[in-house]
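Dear colleague,

I am passing on the structure below, and I would be glad if you could look through it alongside the notes that follow.

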Amino acid sequence: MEWLSAENVVAVGTAFVGIVASGIMVWYERRVPRRKRIGYRVQMDNPIGDDVRLGRANVRLGLFDEAPGMADATLVLLRIENDGSQSIADMDYTGRELHGLTAVFADRTIRGVSVTQPSGTHHLMDHFTPSNGLRYEDGVLCIPRVPLNRGEHFKVLVLLSGGDVGSGIRLIGGIRDGEVHPNRSATPDEKPPLFSRASRLITGLLTLCVVALAVLVVARDDTQSPIGCERGTLKITGSTAFAPVIRELAKEYEKDCEGSDITVDARGSAGGVDELAALGAQSEKDSGSPSVIAFSDGPTVGGPPELSGRRIALSVFTLVVNDDIDLERGLSLDDVRRIYRGEITRWKQLDDRLPDLPVVLVSRNADSGTRQIFQRRVLGSWERVSSTSLDCVRKDDRSAPVMRCELGSTEKVLDKVAEIPGAIGYSELNLATGHQGLRRVVLDGADASVEDIEYGRSDYPYRGAEYAYTYHRPPVGSLAASFLAYVGQGTSETVIRAHGHLPCSASEVLKLCGKE
């Protein structure tokens, strides 16, 4: 009979196995101890001031109307709970800081905080003191190491200004043998569910799917993309220094999200932003929005107001010289500025122990964000010597004090500096590290070290934030919005760090990125 075909037998067998698996999962949730877990959920995120998304002013009386800064104020109620099967002690928090958890309110500034607890848990309030780490700064709230028995919780009511209702809210922290994770939103008095959201979701979906499979007796391929994935095409342009990071993230996204096609065309920060602006202006005429993201080393200057930028990472850069130039003590900022003004034409003028070689300036073109950060953070002005050579070998303008050429990518700069005796240039740190034929230069007594900068041990000047620009904010559900959200996730933070950058989404880096 047709219904006894091999594939139908497999389908019915799969349905039976699925139902059994659902029962096992329920038993596991009830009988097997789980990891320690702290869950959090946003129970309220309401505007006090004008409702920006709806374009209308709210009605306010008393302090809500009279106090300054209320026009764009919002109230957030955050519930933090022990929803695992084990108690959590203050020593179970694994962070190195005094506090245990960090709440980050994207694009908003904290104005006030109130902590509450349910009846019978008054002992929790003894932990909420400044000496235990309770503090806030800008949009970051530090929460002490509060011990929580199984099922205990506390709530934090936060008054904020700036930003908009619905802006991202994250709770960050580490738990020994456990995790911190978001729960679904709930009303303030709603009790946590008996089973975790994951178990209920998996059990319900699995049961529905296998029952439907058994009824239909048909094998179907209804594979869906992971949650948060979007289909379509996306072009990424801009920074060549940050391009290796973006290429790896794009490949990982395409691997995780079927139907997405991401092209990376790095052509320099300014060139990428200019291309985005041009495509955006054209798309407005066509009633559309360009599926383009432009990455820039440092903020763009003079672009159209429709450009929307966000900080993605803190990048560290370095000066490099040909291997023949052994700058044992490095260079001071004054030395670098004299070199790039053309006042030092031979290396021996800086130190008699250096070889008598002519100085060759290997620079990036005007579209380069690496060059713009170098001019802003190191030179304090534009590079004074104009380009005098097309190939960095022959000096076309013999009246110029030194030879200077401009190249289109960081990799070309590194190769040329390694090739030409007496050459000096600049590069993103990770690309320069380990490159044969050149030396990194200590700048004003400080080495280029990502770790020293992250932990506040160095004021090394040649660094800057990496920005991601879109034309207006990308629409919800677009591939551009999905990819930018993906870049801010924990797995992407690992990729960014692996390439020698500091992710701005990490709480300990957020303040550093804000200064750039």
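A residue is called buried under 20% relative accessible area, exposed over 50% and partly exposed in between, with a 1.4 Å probe and protein chains only. By that scale Val-20 is partly exposed, at a relative accessible area of 38%, and it lies in helix H1 (residues 6–31), where helices (H or I, at least four residues) and strands (E, at least two) are DSSP runs numbered from the N terminus.

This is a predicted model, in which local features need pLDDT of at least 70 and side-chain atom pairs count only at pLDDT 80 or more, while totals for chains, interfaces and linings use all residues. Residues are numbered from 1 along each chain as its sequence is written, and side-chain values use heavy atoms, with hydrogens and water left out.

Strand E12 (residues 292–297) is largely enclosed by the rest of the structure, because six of its six residues are buried. Val-292, Ala-294 and Ser-296 are buried on one side, and Ile-293, Phe-295 and Asp-297 on the other. Strands pair if DSSP finds at least two bridges between them; E12 pairs in the parallel sense with strand E10 (residues 232–238) over four bridges, with Ile-293 as the bridge partner of Ile-236. With strand E18 (residues 463–471), E12 pairs in the antiparallel sense, again over four bridges, and here Ala-294 stands opposite Tyr-469.

Finally, Tyr-462 touches residues including Phe-317, Ile-373 and Tyr-426, not counting residues up to four places away in sequence, contact meaning heavy atoms within 4.5 Å.

With best regards
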